[in-house]
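Here are a few exercises to work through with the model open beside you. Try each task before you read its solution.

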Amino acid sequence: MLRSFQVTNHRSLAEPQELRLTRGSGPVAVPVTAVHGSAATGKTSLIDALWHMRDAVLNSVSGWDPYAGPGRTPHLGFTAQPTEFVANFVAEGCPYTYGFRLDNADVTAEWLHTHPHHRKRIVFERSGEDIRIGPLFEAARFGIGALVPLVRPNALLLSLSGQLYAEALVPAYRWFQSLLEVQRGQQDPHAVAHRLGSHVSRSTEHAARLLTLLRSAEFGITDLLIPENDPMYADYLRDLDNDIATTAKEVDAATSSPARAEVLLRDHGLTITVLQRELANLTAARDALYSRMVARRGVGLGLVHEGIDTAFDITDESTATVALLRLLPPILDTLDTGGVLAVDDIDTHLTGDAADRLIQLFQNPETNTQGAQLIFTTGNRALIDRGNGRSQSKRTTVWQLRRNDHGATELTAR
């Protein structure tokens with residue numbers, strides 16, 4: 001769950017701007033957060049800021065140039081001012097606040113706090129080269145402290161700790177890794193085909209659900225074709241798919257039945273959290289193996305249209321079809337995991353009805369059973385005001401973007 005996101009000095013977002021995903025002062029986030037703004041008001045800057053924070057957590061150690069400053073894109077009028085990102089989220093049942101501050105040379109500050117029972121506890125606080133571990137995390141001091149000398153001035157401690165599995169920081173790192181996805185810009189059709197093929201190849205249930213949604217869009221597509229798995233990878237993929245299905249059933253059973261959770265803990269020493277971590281690890285391993293297979297032989301995805309015998313390649317499809325195929329797998333994955341999906345200009349190349357049906361998947365508790373969240377931007381006011389019986393209820397919050405007299409973006413609740 002993401003409760004709020006704050007950004008300062010990123011692209012057009014010069015002054016501190018906070019996007020809250022809760023209604024009023026309540027602690028529970030709503031399923032859908034819509035951000036409306038006309039052209040050039042900063043919609044892309046906001047989604048890009050969330051993407052940049054996630055990318056920094058996952059890649060600052062391995063992806064940023066060790067001999068250059070940290071990756072950042074400040075407002076052109078404030079290049080000497082620091083950039084800051086802060087997220088309030090819930091990971092493995094515990095509320096967290098995580099943030100960091102960057103200048104042109106280094107990470108100048110970084111902090112991670114937990115808030116069990118509404119009480120702030122410091123996991124660590126970093127100011128320049130000084131890193132302090134909270135007094136309630138003394139047991140984790142060796143694991144985190146051993147990494148402190150290894151952290152570059154232009155990289156994040158959470159990145160290094162997550163990659164090297166420092167236990168106290170794993171929940172926060174894994175939230176960014178597994179439960180937050182950001183869709184921005186236009187994807188290459190081959191990348192769309194890769195994600196689509198990976199999704200539908202996991203199980204017949206995945207394929208049937210996606211095909212049902214695709215058919216309901218009335219784009220003329222009646223079936224999806226993917227080749228048999230490469231023999232070099234088939235056995236491994238089948239074993240992983242079976243393990244994923246078994247673990248997912250155990251997670252669902254333990255979540256819905258305290259008695260089952262007690263049996264798992266007593267007989268096997270397993271908690272729901274451990275099972276959820278294992279499920280995420282298995283899914284990541286499966287995706288990596290599928291990527292290797294695709295690199296060897298290609299996706300081989302075919303789309304069957306009504307009345308046409310020859311299957312279409314994705315590059316033969318319309319921009320509207322590719323736009324929908326790009327969104328369906330991440331939407332369905334997010335609904336399955338109870339994660340957070342942020343989409344810039346969700347209705348690009350789509351009709352209002354098609355985009356609205358995607359949004360309703362999150363607004364409807366029957367299709368959103370895991371508490372997943374959607375954040376989307378749009379320039380289409382009608383998409384937000386559609387009277388579908390849910391978008392006007394407590395399941396959606398709406399924010400407005402505008403440019404001030406100094407050319408900077410301002411975010412306000414509508």
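**Exercise 1: a helix pair**

The crossing of H5 and H10 is left-handed (the near helix is turned anticlockwise from the far one by less than a right angle; clockwise would be right-handed). Before going on, note that this is a predicted model, where local features need pLDDT of at least 70, side-chain atom pairs count only at pLDDT 80 or more, and totals for chains, interfaces and linings use all residues. Residues are numbered from 1 along each chain as its sequence is written, and side-chain values use heavy atoms, with hydrogens and water left out.

Task: work out at what angle the axes of H5 and H10 cross, and which residues meet.

Solution. 
- Step 1. Find helix H5 at residues 189–200 and helix H10 at 319–337; helices (H or I, at least four residues) and strands (E, at least two) are DSSP runs, numbered from the N terminus.
- Step 2. Their axes come within 9 Å and cross at roughly 40°. Axes here are lines fitted to C-alpha atoms, for helices over the stretch in contact, and angles run from 0 to 180 degrees between N-to-C directions.
- Step 3. H5 and H10 are therefore oblique to each other (under 35 degrees is roughly parallel, over 145 roughly antiparallel, 65 to 115 roughly perpendicular, and the rest oblique).
- Step 4. From H5, Val192, Arg195, Leu196 and His199 meet Val322, Leu325, Arg326, Pro329, Pro330, Leu332 and Asp333 of H10; contact means heavy atoms within 4.5 Å.
- Step 5. Sort the residues of this contact of H5 with H10: seven are nonpolar, one is polar and three are charged. Ala, Val, Leu, Ile, Met, Phe, Trp, Tyr, Cys and Pro count as nonpolar, Asp, Glu, Lys and Arg as charged, and the others, Gly among them, as polar.

**Exercise 2: H5 again**

Task: find how H5 packs with H6.

Solution. 
- Step 1. H5 and helix H6 (residues 204–216) pack at about 125°, their axes 7 Å apart.
- Step 2. That makes H5 oblique to H6.
- Step 3. Leu196, His199 and Val200 of H5 make the contact with His206, Ala207, Arg209 and Leu210 of H6.

**Exercise 3: positive phi**

Task: is Glu92 buried, partly exposed or exposed, and where is it found?

Solution. 
- Step 1. Glu92 is found in the loop between E4 and E5.
- Step 2. Its phi is positive, about 50°, although Glu92 is not a glycine.
- Step 3. Glu92 is partly exposed, at 34% relative accessible area.

Technical notes
Buried < 20%, exposed > 50% of the residue type's maximum accessible area, 1.4 Å probe, protein only.
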